[in-house]
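Reader: I would like a careful look at one part of this model, beginning with a single side chain and widening from there to the aromatic rings and the elements around them.

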Amino acid sequence: MFRPKALGGALTALATVAAGVFIAAAVSTTPASAAGTGTGYLHTNGSQIVDSTGATVRLTGINWFGMETDNKTFHGLWSSNPWRGQLDTMARLGYNTLRVPYSNDALKAGATATGINDFVNPDLIGLSPLQILDKVIDYAGSKGMRIILDRHRPTSAGQSPLWYTSTVSEATWINDWKMLAQRYAGNPTVIGADLHNEPHAEGTNPAATGACWGCGDTARDWRLAAERAGNAILGVQPNWLIFVEGVSCPSGGLSNVWDNDPSNDEDCGWWGGNLSKAGQFPVRLNVANRLVYSPHEYATSVYRQTWFDAPDYPANLPAIWDKYWGYLYKQNIAPIMMGEFGSTLADPKDKVWLEKLMAYTGTGVTGMSFTYWSWNPNSGDTGGIALDDWTNINTTKQAILQPYLIAPSGGGPTGGPTGGPTGGPTGGPTSAPPGACTATYRQVNAWQGGFQGELTVKNTGTAAVNPWTVTWSWPSGVTLGSGWNATVTQSGTTVTAAAPSHAPSLAAGASVTVGFTANGTASAPATVKLNSASC
């Protein structure tokens, strides 16, 4: 498996949740809602994340991994789907946030990104991992998406129970975070730091050597380490959110199941998923309203926890989630941003699990935030939203997530089509009057035998164009390689970019950017039209 998870919870059964403990009604409020991901930097207000105007924001995102591996950059850049095309699809599907795992190896001077299809992504040739990250952040921001950086591993070799290892010190961990905070200071696309991925238990109690919560040992207490790193980051970038995951076993060690004494067996959960002690021992940050708790939650495709085989499954699940992390949200202590959850859905129980989990997070803008694991189809234990071609999607998974997704908005003038799975502009089909559009072309790159470009068309009419179609002509001998942000086809010398079915309308004053690669001599699109209107 690509990302195996050994689980402390595998050794113990879930203790029964006492009636009423951690069960509280969700706070009843009617906050202003923000379109997409809101405006400016984000902060917290009780159990909610809000933007700079105070409007409530719900992060409904996805993970795109690879920068934490030996490739040191996003996986799937080897595919025939350009990197912008993949981000276009994520945004169109309704994922408004991208969680980006990385390892400290990828941040080192001289780090080299590998596994890139140079023909499809010529603009990435020779760039460092950080320079590729810069481009992804800039483009995601133009679409109204937000970015959460996730320190996934100290090195590309694998995950670690603690935030430091014998070769990567706590000082390196914190200094690299400060570097990233400084690099993206002033760019509100990047909203925060997921400090360390999946702290977890190691060693058998009483000889625990893994991450504990509230034990007071500065070498192992993840809560104290999160405070040190979080405050160091906020000292450089006070506008960031600090995302803190849980542990697996609060003691930091696995229970001794061979002593035949269940009374001292600790209740453990998923790696990073146990925040049961955070209410008693909260993370204390020097800047108020910056803390978001970020548990992980998985299904049987990752590990068959005892509760999946309980007689009352799936009715038992809400009490389990309440105990481990849901109480923080329900008692208005802090927001929840579920940083990872996913499944292959191969087991019928997993489909029920995912449906129950999404319902538990709540609907609408006040629901719990999340970033699904993962976009990547090559996650061995979960699979992805993208299929193996990195272009088509798993419609079964997407259909379960779809009602909870809030599409990004608020990007720049070339931020792509409006609307999305949560609803777009309304109104019947209309046609723009002649001359009611403008077209701008930008050649992104060129190489021997081909080129890459972006054509931005703006609807300057007074009514929406629904559905929209952009056409242009190329000289004989220029042929389409690939396209994104629309369904792009070619017949003779005419190229047609048709609106996707989930975002058919181009509102008055709105723009769409159609990206493409082509074979032949670099040529600007000619005779550009928006439906019947010449631009």
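Is Trp474 buried or exposed, and what is its relative accessible area?

Author: In this predicted model, Trp474 is buried, because its relative accessible area comes to 3%, under the 20% that sets the limit for that word. Trp472 is likewise buried, with a relative accessible area of 1%. A pair of aromatic rings is described by the distance of the centres and the angle of the planes. The count of aromatic pairs in the model comes to 26. For Trp472 and Trp474 the ring centres are 5.7 Å apart and the planes stand at 75 degrees, so this pair is edge-to-face, given that angles over 60 degrees are classed that way.

Elsewhere, Trp270, Tyr298, Trp307, Phe308, Tyr313 and Tyr324 form one aromatic cluster. One of its members, Tyr313, carries the charged end of Lys349 over its ring, at 5.5 Å from the centre. The peptide bond that leads from Tyr313 to Pro314 is cis, with omega near 5 degrees, and Pro314 itself is found in the loop between β10 (296-298) and α5. A charge over a ring also occurs at Tyr139, where Arg84 lies over the face at 5.6 Å from the ring centre.

Two packed helices are described by the angle between their axes and the distance between the axes. Helix α5 (residues 317-330) and helix α6 (residues 348-361) have axes that come within 12 Å and cross at roughly 30 degrees, which makes α5 roughly parallel to α6, since the limit for that description is 35 degrees. The crossing in which α5 passes α6 is right-handed.

A cis peptide bond also joins Trp373 and Ser374, with omega at about 5 degrees, and Ser374 lies in the loop between β13 (369-372) and α7 (395-401).

As for the backbone, Asn289 has a positive phi of about 60 degrees although it is not a glycine; Asn289 is found in the loop between β8 (241-244) and β9 (291-293) and is partly exposed, with a relative accessible area of 42%. Thr527, which is not a glycine either, has a positive phi of about 55 degrees, but Thr527 is found in strand β21 (residues 526-530) and is exposed, with a relative accessible area of 58%. A positive phi, of about 65 degrees, is also found at Gly492, in the turn of the hairpin that β18 and β19 form with two residues between them. These strands, β18 (residues 487-491) and β19 (residues 494-498), run antiparallel and are joined by five bridges, and Ser491 stands opposite Thr494 in β19.

Methods: Residues numbered from 1 in each chain as written. Predicted model: local features only at pLDDT ≥ 70, side-chain atom pairs only at ≥ 80, totals over all residues. Heavy atoms only, no water. Pairing = 2+ DSSP bridges. Helix = DSSP H or I, 4+ residues; strand = E, 2+ residues; numbered from the N terminus. Phe/Tyr/Trp six-rings, centres within 6.5 Å; stacked < 30°, edge-to-face > 60°. Buried < 20%, exposed > 50% of the residue type's maximum accessible area, 1.4 Å probe, protein only. Lys NZ or Arg CZ within 6 Å of the ring centre and 35° of its normal. Axes fitted to C-alpha atoms, helices over the stretch in contact; angles between N-to-C directions. Parallel < 35°, antiparallel > 145°, perpendicular 65-115°, else oblique. Left-handed = near helix turned anticlockwise from the far one by under 90°.
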